[in-house]
Structures are given as C-alpha cells and as structure tokens.
Amino acid sequence: MNIDNSAPLKARKEIVIGAPLETVWALLTDIERWPQWQPDVSSARLEGELAVGAVFRWKAKGLGIVSTVQALEQGRCIGWTGNSVGMRAVHIWTLEPQGEGVRVATEESLTGWLAQTMKIFDRNFLEKSLEGSLQVLKARAERR
C-alpha cells in the first residue's frame with residue numbers, strides 16, 4: 001500500500017516512542033477508543049472485526065469520514081483509505097521495534113477539491129496534523 005504521490009497534499013513524519021510495540025499497536029488499532037486519546041476525533045465505530053476490507057466511520061475535526069482498512073500486518077502496519085465531503089485520504093502507519101521502544105512512521109495523502117482548498121490556506125496543514133498525531137500517540141503510549 002502506498003499513498004498517492006500525485007496528491008496536492010502529502011506528508012510523512014516519524015517518531016520514536018519509549019513504550020512496547022504492543023502498547024502502540026493496541027492504541028492505533030483499537031479504533032473505537034480513538035476518541036479517548038485523540039482530541040481531534042469525536043467518534044469512531046468499526047463495523048465488524050479489524051481486518052483488510054473492514055469499514056469504520058469516524059469524525060475528526062467535525063468532518064465525517066468513512067474509511068476502509070487496506071493493509072493490516074499484526075504489529076507492523078495498518079493502512080486505510082477514507083472518504084469525506086470533497087476529499088479522499090490514504091493513510092499508512094508503520095511500526096518498527098527500536099531498542100526499548102518503537103519507531104512509528106505515518107504518511108498520508110489527500111486529494112479532492114477540499115484538499116486543494118486546504119493547500120491554498122495552509123500548505124503545511126498535513127505535516128502539522130501528522131506531527132500532532134504522533135505527539136499525542138507518544139504521550140499516551142508512554143503514560144501506560
């Protein structure tokens with residue numbers, strides 16, 4: 001799975017988290033609990049079991065999103081596509097053990113008229129969003 005490299009908005013960020021891989025993986029893949037630790041996510045509902053092809057519906061920053069899991073490797077990678085009004089996203093998270101912790105990388109691409117508009121107003125929107133998500137994930141994982 002890859003992001004859309006021709007998208008108007010695309011970014012990649014990574015961080016090292018001082019927590020076990022299992023802890024980080026559990027936070028990322030327990031979709032229905034995202035609102036408990038991600039301030040931008042107000043609701044999230046997984047339809048069925050977490051597997052490739054599974055659909056989840058969620059709200060982030062007030063925007064309703066319908067996502068489909070496209071990649072899932074236990075403890076290693078989760079990726080999905082998501083659709084909302086005026087935008088399509090491709091988002092991938094990868095985890096790699098590093099010493100006593102885990103290196104987490106996240107990359108995303110956004111296409112559609114809303115993505116084009118967002119780029120005009122804030123070219124660095126996606127970089128800031130990914131960095132914020134990594135910082136929140138790190139804080140939550142290291143607190144456990």
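I began with strand pairing: two strands pair if DSSP finds at least two bridges between them. Strands (E, at least two residues) and helices (H or I, at least four) are DSSP runs numbered from the N terminus.

**Ground rules.** I am working on a predicted model, where local features need pLDDT of at least 70, side-chain atom pairs count only at pLDDT 80 or more, and totals for chains, interfaces and linings use all residues. Residues are numbered from 1 along each chain as its sequence is written, and side-chain values use heavy atoms, with hydrogens and water left out.

**Entry 1, strand 5.** I looked up cysteine 77 and found its bridge partner, threonine 94, in strand 6. Strand 5 and strand 6 are antiparallel, with eight bridges. Two residues separate them in a hairpin, and glycine 86 in that turn has a positive phi of about 75°.

Leucine 72 has isoleucine 78 of strand 5 as its bridge partner. This hairpin has three residues between its strands, with glycine 75 in the turn at a positive phi of about 70°.

Buried here means under 20% relative accessible area, exposed means over 50%, and partly exposed lies in between (1.4 Å probe, protein chains only).

I next checked the loop between strand 3 and strand 4, where lysine 61 is found. Lysine 61 is not a glycine, yet has a positive phi of about 50°. Most residues other than glycine have a negative phi. With a relative accessible area of 51%, lysine 61 is exposed.

I then turned to nonpolar cores, which are sets of buried Ala, Val, Leu, Ile, Met, Phe, Trp, Tyr and Cys residues joined through side-chain atoms within 4.5 Å. The largest one has 29 residues, and Ile17, Val24, Trp58, Val104 and Leu137 have the most contacts inside it. Helix 1 (residues 21-29) gives the most to this core, five residues. Apart from it lies another core of nine residues, including Leu9, Ala11, Met87 and Ala89.

Helix 1 itself is mostly covered, with seven of its nine residues buried. Among them I noted Leu21, Val24, Trp25 and Leu28.

The largest pocket is lined by 33 residues, with Trp58, Ala60, Ile65, Glu108 and Ser129 nearest its centre. Helix 4 gives the largest share of the lining, eight residues.

Trp58 turned up again here, so to speak, and I listed its contacts (heavy atoms within 4.5 Å). Beyond residues up to four places away in sequence, Trp58 touches Trp34, Val41, Leu63, Ile65 and Trp80, among others.

Last, I looked at the segment before strand 1 (9-17), which holds methionine 1. Methionine 1 counts as partly exposed, at 41% relative accessibility. Beyond neighbours within four places in sequence, its contacts include Gln70, Trp80 and His91. Methionine 1 and valine 69 lie 68 residues apart in sequence but 11 Å apart in space, C-alpha to C-alpha.

Technical notes: On a 1 Å grid over the protein atoms alone, a cavity is a set of points where a 1.4 Å probe fits but cannot get out, and a pocket is an open set with protein on both sides within 12 Å along at least five of seven lines; lining residues have an atom within 4 Å of a point.
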